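Keep the viewer open as you read.

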Amino acid sequence: IVLSWNLVSIQALPVAVAVVETPLIRMLRLDQVWNMFAPYPWRDDGWFVVPGKREDGVEVDVLRPGEPLSYARPGYMSVTHETPIRWRTYRNRIWDRDFAIQRQEYARFLCRDWNIRAAPGQRVLSLKIVYMLERSQPPGVPTSVEQRVVWRHDCVAPPPAPADEDAVD
């Protein structure tokens, strides 16, 4: 049963086989999907960099406060947040086009999180969410890293335009 279930997942058997097996497979909790590994594993890898522009004109790393802004691959992805697996999973979703609607909310969160702790004159006025895309290559082919700006955000709304004193209400 497990073998045929896995063969259906790589299209070696018709889907009709899985339809028949599904109730038993689920009852035994054998319903697993291995598409992370086969037949086509992910070829995109990468990491996020979020440069922010402060009120004082300094560009900072919003994800790693206190560290210099760097676009280099972090030595350990797990040090970018307190709960690394959850944030990494969330950011991977942000990179996915199907979840692009979440990018604005994530940017708002990053602005609020920075600005609530910022000293006077050091609030972040704007930021960019940059995905450093690194595609997996066949053995022997060098990899390259490409910067992809997935979102630009103004953290502080511009002041309203002055009212026209001669306007009639």
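Arg-29 sits in the loop that joins α2 to β1 (44–49); helices (H or I, at least four residues) and strands (E, at least two) are DSSP runs, numbered from the N terminus. This is a predicted model, in which local features need pLDDT of at least 70 and side-chain atom pairs count only at pLDDT 80 or more, while totals for chains, interfaces and linings use all residues. Residues are numbered from 1 along each chain as its sequence is written, and side-chain values use heavy atoms, with hydrogens and water left out.

Arg-29 has a positive phi, near 60 degrees, in a residue other than glycine. A second case is Gln-11, whose phi is about 60 degrees although it is not a glycine. Gln-11 belongs to the loop between α1 (2–9) and α2. Buried means under 20% relative accessible area, exposed over 50%, and partly exposed in between (1.4 Å probe, protein chains only).

| Residue | Relative accessible area | Class |
|---|---|---|
| Gln-11 | 64% | exposed |
| Arg-29 | 59% | exposed |
| Met-27 | 61% | exposed |

Met-27 also takes part in a nonpolar surface patch of about 400 Å², together with Ile-1, Leu-24 and Leu-28. Patches are made of residues with over 30% relative accessible area and no salt bridge; like charges are joined within 9 Å, and nonpolar side chains (Val, Leu, Ile, Met, Phe, Trp, Tyr) within 5 Å. A salt bridge here is a side-chain nitrogen of Lys or Arg within 4 Å of a carboxyl oxygen of Asp or Glu.

## The chain as a whole

The protein chain has 4 helices and 5 strands, in the order α-α-β-β-β-α-α-β-β from the N terminus on. Of its 169 residues, 27% count as buried. The accessible surface is about 12200 Å², with 57% of it belonging to carbon and sulfur atoms; areas come from the Shrake-Rupley method with a 1.4 Å probe, and for residues only the protein chains shown count as cover.

## The core and its rings

Which residues have the most contacts inside the largest nonpolar core? They are Phe-48, Leu-127 and Ile-129, in a core of 20 residues. Helices α3 (84–95) and α4 (102–117) and strand β4 (124–135) each supply at least two residues of this core. Such a core is a set of buried Ala, Val, Leu, Ile, Met, Phe, Trp, Tyr and Cys residues joined through side-chain atoms within 4.5 Å.

The structure also holds 4 aromatic pairs. Rings of Phe, Tyr and Trp (its six-membered ring) pair if their centres lie within 6.5 Å; planes under 30 degrees apart count as stacked, over 60 as edge-to-face and the rest as tilted. Tyr-90 and Tyr-106 are edge-to-face, because their ring centres are 5.5 Å apart and their planes stand at 65 degrees. Tyr-90 lies in helix α3 and Tyr-106 in helix α4, so this pair ties together parts that are 16 residues apart in sequence. Tyr-90 is partly exposed at 26% relative accessible area, whereas Tyr-106 is buried at 2%.

Trp-95 and Tyr-131 form a stacked pair, 4.2 Å centre to centre with 20 degrees between the planes. Trp-95 in helix α3 and Tyr-131 in strand β4 are 36 residues apart, and both are buried.
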